[in-house]
Amino acid sequence: MMALEPALAAAMPDRTHADPWRLHLALVGGVWLAILLIFARDAATMADIWWNSSTFGHCLFVGPIIAWLVWQRRAELARLVPHAWAPGLLVVAAGAAGWLLGAAAGVALARHLGLVVMMQGAVVACLGRDVARGLLFPLCYMLFLVPAGDTLVPPLQTLTARMCMGLLGAFGVPARIEGVFITIPNGYYEVAEACSGVKFLVAMIAYGALVANVCFRSWTRRGLFMLAAIVAPVLANGVRAFGTIYVGYLTDGDVAGTFDHVVYGWVFFAVVIAALIGLGWRFFDRGPNDRWFDAADLQPVAPLPDRPGRALAIAVAAIAVAVAPILWSAAIAAGGAATLPRHIEPPVVPGWTRVVDRSHPWTPRFTGADHRIQAYYGDGRGHVVTLAIAVYGDQAEGREIVGYGQGAIDPEGDWAWTDDTVAPPAGRAFRISAPGPLVREVATFYRVGGIVTGSEVGVKLETLRVRLLGGRRRAVAVLVSAVQPDRATSTRPAIDAFLKALGPIDRLADGMAGG
């Protein structure tokens, strides 16, 4: 009888591990479902971005890729015994804290990142440290579910425009640049947001990370491949933009537009990916049958199966940690938004009178503002300035005073950022350009909480402080702008004179928000 015991044990190796895996996987699924229900709005927003934004369409493939990565590791994972690990709750707490900071500051990226980190933490807490180490790359790859990269658009636009100018000069094409606008003898081109290459870059980073893990073992080779995956699309996008302008120089703008759509949309991306893989192929050092990890190294001694009560308690604790920031936000929000006046009127400015502006239309974008006004003033000496004010009683999802597409430059409009200029006290100043070319200088101020600032980061930090600790929740944007009559004449003296007559920005903003 005793001789049968080893044979029975060998005949049923999976049975001893099946029950723990079923229990812990069920707990992970339960915690994930709870987190997704608690943060359903953020999860739905992320899914909407994946589906509707061409920049983040690649995120739709991240989930299936993660499932495939886990499936590839199934043999090694089967040799591990899952065991709930309380320190994994710290990862959930980090994600919850990130979500709270994002909710308080009105930063959707932080909320989305916090949601994904909470789900990663649920895996670590419910399956344990050893299993989490075996799943390290699939867990890390979950970060590509976060739609991030929009902030790269302006610097990539500028870089692409400068690369175009360098290549145009090398090919003998006379060109002049004004910010992201490039003028050649027979055409006028804008390196628009769609031309920045950010779509290509963020997709290539996700693709490069996958290839680096699947095809390489050496960290040096992984690092070099990732560097190539970042540099190649940036350089390729510069060449693509130059090619569009060069074709326009040799032919006309209509041909150039068709060339750009066909080459970049259907061919260029595939060519760059193929070239990158072709160059890296001979350096692949991971065999198709290589193990992803050694289960004996991760778990030299298999722990006893977890007590169901203990594992359930850790899973419930993960849900409690995840829901904590919701409760905190609700408690702080009980103070309510500011009570605004029913309507606002442009202020009376000493020495300046209301006039009609006949320059190229410019309207700053402040989606969700409770009040918006735009007025034009002249000083009788030919100077005309535009005053735009936006008032928010409170900020919420989709109606933050600063963020992508908010402010002086409407992504759907004609104007684009050119360069920063000398900032006025507690503000920010920059030039924007429109086809023509037309140049406009804009001075921007934000009144948030207890400060006046021109910094978008400063706005987010002050909003964060008010929402975490309480305080005045109204937010007001004040923009003063003027069109530059010619390249040699600055509009800054007129703007500075108007700001001096306008008086303190905090007093103006508080008056517009009801005191």
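## Salt bridges, ring pairs and a greasy patch

A search of the whole structure turns up 17 salt bridges, each being a side-chain nitrogen of Lys or Arg within 4 Å of a carboxyl oxygen of Asp or Glu. Keep in mind that this is a predicted model, where local features need pLDDT of at least 70, side-chain atom pairs count only at pLDDT 80 or more, and totals for chains, interfaces and linings use all residues. Residues are numbered from 1 along each chain as its sequence is written, and side-chain values use heavy atoms, with hydrogens and water left out.

On confidence (pLDDT, the predictor's confidence in each residue, from 0 to 100), the protein has a mean of 86, and 92% of its residues reach 70 or more. Helix α9 (residues 136-141) scores highest with a mean of 96, and helix α1 (residues 4-11) lowest with 36. Helices here are DSSP runs (H or I, at least four residues), as are strands (E, at least two), numbered from the N terminus. Over residues 1-17 pLDDT stays under 50, and the model has four contacts beyond four places in sequence for them, a contact being heavy atoms within 4.5 Å.

| Salt bridge | N to O distance |
|---|---|
| Asp 294 and Arg 291 | 3.6 Å |
| Arg 381 and Asp 379 | 3.3 Å |
| Glu 462 and Arg 465 | 2.8 Å |

For burial, the cut-offs on relative accessible area are under 20% for buried, over 50% for exposed and in between for partly exposed (1.4 Å probe, protein chains only). Asp 294 is partly exposed at 26%. Glu 462 and Arg 465 both sit in helix α16 (residues 456-469), three residues apart, or about one turn of the helix. Glu 462 is buried at 9%, and Arg 465 is partly exposed at 36%. Elsewhere, salt bridges that share partners join Asp 394, Arg 467 and Arg 473 into one network.

Now the rings. There are 12 aromatic pairs in the structure, counted when ring centres of Phe, Tyr and Trp (its six-membered ring) lie within 6.5 Å; planes under 30 degrees apart are stacked, over 60 edge-to-face, and the rest tilted. Phe 216 and Phe 284 have centres 5.1 Å apart and planes at 90°, so they are edge-to-face. This pair links distant parts of the chain: Phe 216 is in the loop between α11 (198-215) and α12, and Phe 284, 68 residues apart from it, in the loop between α13 (253-281) and α14 (295-298). Phe 216 is buried at 2%, whereas Phe 284 is partly exposed at 25%. Trp 352 and Phe 498 are also edge-to-face, because their centres are 5.2 Å apart and their planes at 90°. Phe 498 is in helix α17 (residues 492-502) and Trp 352 in the loop between α15 (308-333) and β4 (353-354), so the pair ties together parts 146 residues apart in sequence. Phe 171, Phe 242, Tyr 246 and Tyr 249 form one aromatic cluster.

Finally, the surface: Leu 224, Leu 227, Ile 230, Val 231 and Leu 235 form a nonpolar patch with about 440 Å² of accessible area together. Patches take residues with over 30% relative accessible area and no salt bridge, joining like charges within 9 Å and nonpolar side chains (Val, Leu, Ile, Met, Phe, Trp, Tyr) within 5 Å; the areas come from the Shrake-Rupley method with a 1.4 Å probe, and for residues only the protein chains shown count as cover. Ile 230 belongs to helix α12 (residues 219-250) and is partly exposed at 36%.
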